[in-house]
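I open this notebook to record what I looked up in one structure, entry by entry.

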Amino acid sequence: MASVTFSEASRVYPGMKHPAVDRLNLEINDGEFLVLVGPSGCGKSTTLRMLAGLEPIDSGSVLIGDRDVTWVPPRDRDIAMVFQSYALYPHMTVAENIGFHLKIKGLPKDEIRARVKEAAGLLDLEEYLDRKPAKLSGGQRQRVAMGRAIVRNPKVFLMDEPLSNLDAKLRVQTRTQIAALQRRLGVTTVYVTHDQVEAMTMGDRVAVLKDGLLQQCASPRELFTRPANIFVAGFIGSPAMNEMQCTVNSDGAEFASLQIPLTLEQRAALTSDQLTVGVRPENLHLSHDGTGMHATIATVEELGSDSFLYCTPEGHSDRTMVSRAEGLSTARPGDTVQLRPDPGALHLFDTATGLRLPD
């Protein structure tokens with residue numbers, strides 16, 4: 001096991017004006033499960049491939065433990081990678097697939113057999129060891145790919161969207177198994193996904209990337225409760241955080257009929273008179289005392305345990321605000337309601353810079 005350090009690491013693809021990964025500084029602790037997440041093209045897979053040695057680094061460095069591996073060939077980095085496509089050999093059995101790299105290294109047959117059996121036990125694959133990949137489900141094939149990585153006892157696991165080929169129900173089941181397995185093995189793991197729900201439920205910490213730049217790296221809880229900027233605030237959480245564009249005046253800021261007071265410290269941090277106020281759907285409630293922001297319900301999304309009310313604020317026909325209500329809500333499209341946010345749950349951002357203001 002080992003830590004991983006990216007120091008000012010950049011990758012610029014030929015013919016591209018902007019780096020795919022731009023001066024990345026990131027430290028991953030020994031035994032940590034770190035998830036790289038972001039929209040398509042943000043640089044998360046490139047970051048993983050830089051660590052694996054599959055992409056050259058144009059500037060900066062990458063360390064595994066205390067060893068600088070920037071120019072070390074992939075085979076000598078002591079890593080194991082799990083791909084989206086499983087990459088299993090169709091003519092080999094499950095046992096042969098899991099033990100293939102051990103065989104290539106020339107390990108004794110008894111040791112290979114013992115390590116394959118141990119990995120199969122961890123992954124509930126004992127009864128499938130004699131089967132070929134064609135006879136397995138997608139989830140079982142992914143577990144075989146995991147087993148092939150486990151038997152190598154690497155310093156670092158790298159996983160590139162390993163669940164994207166699975167159906168929704170199997171993804172939930174398999175991500176739980178992967179997270180539990182990683183904690184049991186204690187191997188440093190870097191996991192790439194575009195699914196923010198997957199990231200939030202699996203990672204010890206989550207690194208959010210956009211346009212090759214690291215936006216924030218923090219625990220799932222901190223990303224949700226204290227996003228560093230507008231992008232992270234909108235990317236993390238489902239449905240996304242509601243955003244209100246306001247102009248600051250002597251009384252604070254105003255959106256529709258909602259008044260937002262500002263502290264002296266918050267005013268001092270602003271670079272213009274434009275403020276973005278964020279509030280998550282679960283912190284935006286229907287008011288029953290006649291106070292709050294006047295709005296009209298456009299759509300009700302009923303999920304059984306929750307109802308999401310998509311509302312149009314008065315005077316802002318181009319804006320939709322989402323409120324989470326209890327399941328089987330009696331609210332209907334066309335109803336006029338008042339929305340009131342929890343005062344302590346507002347997120348304030350400088351619109352010009354996108355950065356979070358002091359609380």
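This is a predicted model: local features need pLDDT of at least 70, side-chain atom pairs count only at pLDDT 80 or more; totals for chains, interfaces and linings use all residues.

**Entry 1: one residue**

I looked up R171 and found that it is buried, with a relative accessible area of 16%; buried means under 20% relative accessible area, exposed over 50% and partly exposed in between, computed with a 1.4 Å probe on protein chains only. Residues are numbered from 1 along each chain as its sequence is written, and side-chain values use heavy atoms, with hydrogens and water left out.

R171 has its place in helix α5; helices here are DSSP runs of H or I with at least four residues, strands are runs of E with at least two, and both are numbered from the N terminus. Leaving aside neighbours within four places in sequence, I find R171 in contact with L163, S164, L166, D195 and E198, where contact means heavy atoms within 4.5 Å.

**Entry 2: helices that pack**

How do α4 and α5 lie relative to each other? The axes of α4 (residues 138-150) and α5 (residues 168-185) come within 11 Å and cross at roughly 15°; axes are lines fitted to C-alpha atoms, for helices over the stretch in contact, and angles run from 0 to 180 degrees between N-to-C directions. The two helices, α4 and α5, are therefore roughly parallel to each other, since angles under 35 degrees count as roughly parallel, over 145 as roughly antiparallel, 65 to 115 as roughly perpendicular and the rest as oblique. From α4 the contact takes G138, G139, R143, M146 and I150, and from α5 it takes L170, Q177, I178, L181 and L185. I sorted the residues of this contact of α4 with α5 into six nonpolar, three polar and one charged; Ala, Val, Leu, Ile, Met, Phe, Trp, Tyr, Cys and Pro count as nonpolar, Asp, Glu, Lys and Arg as charged, and the others, Gly among them, as polar.

I then turned to α2 (residues 94-104), which packs with α4 at an angle of about 30°, their axes 7 Å apart. V94, N97, I98 and H101 of α2 meet V144, G147 and R148 of α4 in this contact, and the residues of the contact of α2 with α4 divide into three nonpolar, three polar and one charged.

**Entry 3: a covered helix**

Helix α1 (residues 44-52) is mostly covered, with seven of its nine residues buried; these are K44, T46, T47, L48, M50, L51 and A52. Just after α1, I noted that G53 takes a positive phi of about 90°.

**Entry 4: a sheet**

I traced an open sheet of five strands in the order β15-β19-β16-β17-β18, with antiparallel pairing; two strands pair if DSSP finds at least two bridges between them. The edge strands, β15 (284-286) and β18 (321-326), each pair on one side only. Three bridges join β15 to the antiparallel strand β19 (residues 336-341), and L284 has P341 in β19 as its bridge partner.

**Entry 5: the whole chain**

Finally, I looked at the protein chain, which has nine helices and 20 strands. Of its 359 residues, 49% count as buried, and its C-alpha atoms fill a box of roughly 75 × 45 × 35 Å, taken along the principal axes.
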